[in-house]
Amino acid sequence: MFIGNIMQKFMISFLLVISLLVNSGLVNAAADLDVNTPAISALKNSMQSRHAQLAAHYASGAIGLTADGLIAVRDATALPLKDRQGINALVAAENNDRNALYKEVAAGNGHPEWQGEVRNIFAGRWIDKAQSGWYFQRDGGWVKK
Amino acid sequence: MLRLLSILLVVWLSIAGQYAYAINAIKIQIGEVDTPVAQLKNARLQVDLKGKSPTLILHAEVKPINEKVFIPFDLKCGQFNTESIGQVDCLDGNFTAKQVKAPFSVNFASDPHNLSVDILFNTASFSDESGLHAGENLTGQVKLAAKIINESWQWHGLMSWTKGELFWQPFYFGKAGNIFEVNGTFKSPILNVENASLIINGVGEMTGTAQINTNTNTAENIKVSAKDVDFDGLYSVFLKPMVEKSVFGNLAVSGKADWQFEIKNLEPRNFELNLRDANMDDKNGKFSFKHMNAHLPWDYDNAKTINLNYKSGHLLKMPLANTNLSAEINRYSLVSKQLTLPILDGALNLSDVSATMIADNWYWHLRMNLTPVSMRDFSTAMGWPKMQGKISGQVPLVTYASKQLNMDGAMTFNVFNGTIGMDNLKIDDPLGVVPRLHADLLMRNLDLAELTKTFSFGDITGKLDGDVKNMVLENWKPVYLDAYIHTTEGKHLKKISQRAVENITALGGEGTAAALQRTFLRFFKEFNYDKIGLSCKLRQDVCEMGGVESTPTGYIIVKGKGIPSVTVNGYTQRVSLEDLLGRIKRITDSNSKVIVK
């Protein structure tokens, strides 16, 4: 009985220590999304300069934010005719930068394997930051913010 | 021609009291009509005969044969005339449907062997569901005349517009003032365009032929030719959409061009682009070619020789001088024995060049030999401090595959009376947003007097060796390296000026101090030294510093010897690279002086 009590206490302490370690591990495992490296700042600059071309298309609903942290053409008819020719290349270039950004942020945190998690956090962030009237994807459909 | 599946036809004859038995309105209702090109249903047609001239209103739902859903539309004619069988005029008309609004007038005439349609449209707008074929505010005309000979239609069409814009994926016609004139035959399902002339505002005249399969809606064979057209218009309307995702997708161009291409059975067969006095500037600033003349033929079956000449330009800021290039292109591969790119007073000679395109990606390899380029001109062109010396080098093999450039062999820069060798060079995605350069640098016998004079650092006499290993530049900025620069072994004059000591002290920031009393420092202009050395292990932005020797509290940067001598110690072991570069910039900026108080 006595030995059983000691064992029980020991087990509880052991589990406590383990849970503390695991929890602290989780705390440390939060990715720093604002980590800065020359690659990240080059990507951010490139995206920033492209944003001037994209902003009007978010507002018109021609393009929207996807659930996986990218953008997609939602309704080409909302675009001025002159912008329809280049829209696919513009979206592809933005998505190239976004994919590269998630990879670089994960690498900048020293954890390249976090790319998926970083992408998910960014996807939520882009939608949170989106202006009202912009479209984003939820459950496979488009939702107007 | 029409196969009527089921027609519910109801004709109401409205009889006016005043004119007994005169018809003043006809109403027709049609349930469903099937034609080879479209289905029509729920049609309600009303012809009103009360006014001076009859009017017509038609409401129906139409489904082109390749579409999935019926589209409702309304057609109104303010003046509707049908004086003889097979002849219909609809003047002051208006056609509306979802995404279509087209005020128009039409004259239609047909008999069993002839057909003619003249349509004038005024500020008409249309779009398909996807928005990939659309026009806005178009004012112009369409004329079509056709006659049947031996079960084949021979036709002549003309389309022109004087106002508005048109997008027909992937082509955008932003300027009005275009005339498309086309002759051909039609025998289902092949629409044969025998002779097309396209006069496009901002481009010039193009001619062409095509075979279009109307069942699959694909152009199976196309041949297009344009002579002496405007390169800017040609690029923005026709070439840009084809190269949009390549490095040539975002250019500002000018000059004159000839262009022709042929597609057979949906496969490209030949292509030719000739440029005359053309300019090409990448809007992302990666390259530019001025006064370019080029003959760029390509044929699926036969090898062709391409020639290109430009008077000047730049590639990644590297200035390019007058250049003639020639290569043989054979289907998807390109070879050239020798390509010489003059750069300032030297030249980059590329030999045994071989390139091939596989699945839209380029793979190439070549040998490289850089004949001496003067550092003075090169550094000026790159916006660096003016340097003396020459760069030259030989690289046995450069390869480019999967967006990665690899160099086997070293480049040597003969600068500052010594050499800087660059080895193990690898660049990931050199023209991308984040080029990443990997290299090792080997510096030998650099003349410190020249070096310090160039960078206005304060005079140091002596020689310097250095090794920079595992260097990684991201977007041309260092993020990883193991560097150690130090005084060259052996006997040579070693002097350091007061100003250089002050600058090295300032470089180390708060944690660096000359071992001399600062007041004492002022008595001498120059000191003797034994060794100078500085090491940096850079990881992201943090540089772990070291010197020629370690001390219990730090490291020695300048170790003195003889009289008067000076020793400079560093104490801060971890320095932010950004701070360090900021300090170097302040020091080397010749207008500023570090003042020791």
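**Packing of helix α2 in chain A**

In this predicted model, the buried residues of α2(A) pack against β1 (63–65) and α4 of chain A, and also against β33 (463–474) and β34 (477–487) of chain B. These residues are P38(A), A39(A), I40(A), A42(A), L43(A), S46(A), H57(A) and Y58(A) (buried: 20 or more other C-beta atoms, placed from the backbone, within 10 Å of the residue's own). Helices (H or I, at least four residues) and strands (E, at least two) are DSSP runs numbered from the N terminus.

With 23 residues, α2(A) spans 33 Å from its first C-alpha to its last, close to the 33 Å expected at 1.5 Å a residue (1.5 Å times one less than the number of residues). At A52(A), α2(A) bends by about 50°, the angle between axes fitted to the seven residues ending there and the seven starting there. G61(A), with a positive phi near 85°, follows α2(A).

The contact takes 18 residues from chain A and 23 residues from chain B, two residues being in contact if their C-beta atoms, placed from the backbone, lie within 7 Å. On the side of chain A that touches chain B, α2 (38–60), α3 (81–84) and α4 (87–108) each give two or more residues. The largest share, five residues, comes from α2(A).

The mean pLDDT of chain A is 84, and 80% of its residues reach 70 or more; pLDDT is the predictor's confidence in each residue, from 0 to 100. Local features need pLDDT of at least 70, side-chain atom pairs count only at 80 or more, and totals for chains, interfaces and linings use all residues. Residues are numbered from 1 along each chain as its sequence is written, with chains lettered from A and ligands numbered from 1 in the order in which they are written.

Technical notes:
Buried ≥ 20, exposed ≤ 12 C-beta atoms within 10 Å, placed from the backbone.
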